[in-house]
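Thank you for letting me speak today. Please have the sequence and the model open beside you while I talk.

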Amino acid sequence: MARSLKEGATCPICLELFFKPAFLSCMHTFCFDCIGRWMLERDDLKLICPMCRGVNKKLPLLELKVSELTLLVKQHSPLLELSLHVSEEFLRFQEDVTLSTVTANSLLVLSEDLKNVWCGKICHNRMEDPQRFAHLPCVLGTPSFSSGRHYWEVEVGEGKEWALGVCKESVDRKRKSGFSSEHGFWIISMKAGAIYASSIPQTKIPASSGLSRVGIFLDVEMEEIKFFDVRNDALIYIHSPFTCLEPLCPFFRPELPGESDHGAPLSICP
């Protein structure tokens, strides 16, 4: 979002924020002085758009809405720059998270590299294990975290129902319903086009239509976990503060299968 705003207020000729923006009849916008110099540099003095190369017969007109946008970008430039660099900052703490086979519910299918998980319709008859989720289609990730800062990203694609976050290493694997912070889950879940946080009381957050990759940043010392819409440079939700005196594990719950195929996968990004 921050990147889109800044690009929308930048002149394609000088690559600076617009100064007296003007638009041509082809609807491309430039600084008034930039397009004037561009026209003077041509021998035929034709007003040819630098972007689409179309010939414009009308003189440039001042664009008031773009002027307002440019002013807003200038006023909020420090916050926008922080947003643009936030992902790069978190990448310093990126973890090589993989899926834990011993915790995966028997309906789940894990890829060979343990980076992708989806829910099938057939039980895989895995041996009973107290670490395995017995009833709900969930799986934990490794490693677990007891201190420090940690970041990972998950591709959710077009999945309409999923859950991501962290949980206590000792959570009840025989649960038949519900995930809440009261039971040691600090997650967000997608359902019916909205995001729900596992806080008490439950919090509902509108989901952006372009949400496809979720960034998860865990700061154990600050007792905080942040969820980001990576591609739109937007913060989704913050769980803070939370208290946990034991290791925390990445948590994944992919979409349940439909009538014709398996559910949409969750993929841990490299």
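Let me begin with a term: on a 1 Å grid over the protein atoms alone, a pocket is an open set of points where a 1.4 Å probe fits, with protein on both sides within 12 Å along at least five of seven lines, and its lining residues have an atom within 4 Å of a point. What we are looking at is a predicted model, in which local features need pLDDT of at least 70 and side-chain atom pairs count only at pLDDT 80 or more, while totals for chains, interfaces and linings use all residues. Residues are numbered from 1 along each chain as its sequence is written, and side-chain values use heavy atoms, with hydrogens and water left out.

The largest pocket is lined by 21 residues, and Ala163, Phe179, Ser189, Lys191 and Arg253 are the ones nearest its centre. Strand β10 gives four residues, the largest share of that lining; strands here are DSSP runs of E with at least two residues, helices are runs of H or I with at least four, and both are numbered from the N terminus. By type, the lining divides into 10 nonpolar residues (Ala, Val, Leu, Ile, Met, Phe, Trp, Tyr, Cys and Pro), four charged (Asp, Glu, Lys and Arg) and seven polar, which are the others, Gly among them.

Stepping back, the chain has four helices and 17 strands. Of its 270 residues, 44% count as buried, where buried means under 20% relative accessible area with a 1.4 Å probe, protein chains only.

Now to one strand: why is β14, residues 224-229, largely enclosed by the rest of the structure? The reason is that five of its six residues are buried. β14 runs antiparallel to β13, residues 213-219, and six bridges join them; two strands pair if DSSP finds at least two bridges between them. Within that pairing, phenylalanine 217 stands opposite lysine 226. With β15, residues 234-239, β14 pairs in the antiparallel sense over five bridges, and there phenylalanine 228 has leucine 235 as its bridge partner. Each pairing is a hairpin: four residues lie between β13 and β14, where glutamate 223 has a positive phi of about 55 degrees, and four lie between β14 and β15, where aspartate 233 has a positive phi of about 50 degrees.

Terms used. Buried means under 20% relative accessible area, exposed over 50%, partly exposed in between (1.4 Å probe, protein chains only).
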